[in-house]
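Work through the exercises below with the model open. Each task is followed by its solution.

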Amino acid sequence: MTTSASHSPWTVTRVLKDRNAGLYLGGVVVSGFGSSAMWLVTGIWVKELTGSDGLAALCVFALWASTLIGPLLGTLADRTRRRPLLVWTNLGLSALLLSLLAVDSPGTLWILFAVLFVYGATGVVHDAAESALVATAVDERLLGDFNGLRMSANEGMKLVAPLAGAGLYAAFGGAGVALLDALTFLLAAGLYTLLRVREPKPLQASAGWRTQTADGARYLWRHETLRSLVVAGGTTMLFAGLNGATIYAVAEGLGHSPAYVGLLYAVQGAGSVAVGLASGPLLRRLGSHRFARYGIALTALAVAARALPYDAVALVSSAAVGVGLPCVLIAALTTVQRETPDDLLGRTTATTNTLVFAPNAVGLALGAGLVELVDYQVLLVTFGLIRLVTVVPLLRQRQPSCASASATSDRSSSDANPA
């Protein structure tokens, strides 16, 4: 049974047969649809109210900014029962989004940015709790496949959600999309209540909050394999943020309205769906480091090619980014899952997410300023070339042997971490 689970080329059906995994993925699909639509629409909303590419890009920065304090927020997932925490965070986000009904002019944009910041902070807690809870509910040997399928479900929303969100925005404005997103979080909360998970009451912490928070960072720093992959993920997301800040300039350079960004994200979502479905077998065949560096190289080339002013190139580049970008993220997070003890799940998850995703916020902020000062085509070529150089550290990592990879995938679920 172990050999079959570890080496079967296609284990998606095995993942979907698990009740808890199916409910998790249902929640990802439902809430991911609303979040993808809202994420795109906030940029269009700000762009139309202010005419500024920089302010539009700062919407995504506001969402990611709270990852800077991710380890502190993630400690909460180790101090409380995780299933109730998931339910209440989804209900809280549903209520929070209703305040966006008041946004109707540049003078009320502060409400939008405040909501986006809280939205992001709540998401950090939610992700840490979800990742820790998943590790107790999904067979450790299927984590690579589960993570890939989760990525496909989440990124797959870009196939329909951005276009649906743009259409809903055109018909009803930003308030209509906010109501849709609120509904999806309400439905996700309902799905999480159906999970069958036995959670003991968390033990009283013997150390202070600060000491507990630092445990995740210390564990990652001392683990050479995890450290190299997390650093690779962080640099990848830094450049993803820099690239993402140019997206509205790319649409404008091609002669399209800001709504064209929805199509680019939909194509990127198709690429992410494809690599997510194949990630389990690819991780087993290539190993985490090779899988990660192939994805980084493909993303770098795609970003540089996006500088060419042709619709076909822009669409193909978006698809290539969709394929390449998730590779290092899936490799890093799956390896962290397999190598981290259960009692560090929440903290290590949040620390990993901070180290991987916080650079995205930095990149978005820097990119929002650069795109106002430098031609976007020059920026894209520069970003792509520099990104290729960052593959070198991964090239130096020793590639685990097939036997080693098999042994890793056979570890008990108590050694697992985030999804």
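Accessible areas come from the Shrake-Rupley method with a 1.4 Å probe; for residues, only the protein chains shown count as cover. This is a predicted model: local features need pLDDT of at least 70, side-chain atom pairs count only at pLDDT 80 or more, and totals for chains, interfaces and linings use all residues. Residues are numbered from 1 along each chain as its sequence is written, and side-chain values use heavy atoms, with hydrogens and water left out.

**Exercise 1.** Describe the protein chain as a whole.

Start with the surface. The accessible surface is about 16,700 Å², and carbon and sulfur atoms hold 66% of it. Then take burial. Of 419 residues, 56% are buried (under 20% relative accessible area, 1.4 Å probe, protein chains only).

**Exercise 2.** Is serine 31 buried or exposed, and which residues does it touch?

Locate it: serine 31 sits in helix 3, residues 19-50. Its relative accessibility is 13%, so it counts as buried. Now list contacts (heavy atoms within 4.5 Å). Beyond four places in sequence, serine 31 touches Asp181, Thr184, Phe185 and Ala188.

**Exercise 3.** Find the largest nonpolar core.

Apply the rule: buried Ala, Val, Leu, Ile, Met, Phe, Trp, Tyr and Cys residues, joined through side-chain atoms within 4.5 Å. The largest such core has 79 residues, and Leu100, Leu112 and Phe291 have the most contacts inside it. Helix 17 (residues 311-339) gives the most to this core, 11 residues.

Conventions:
Helix = DSSP H or I, 4+ residues; strand = E, 2+ residues; numbered from the N terminus. Buried < 20%, exposed > 50% of the residue type's maximum accessible area, 1.4 Å probe, protein only.
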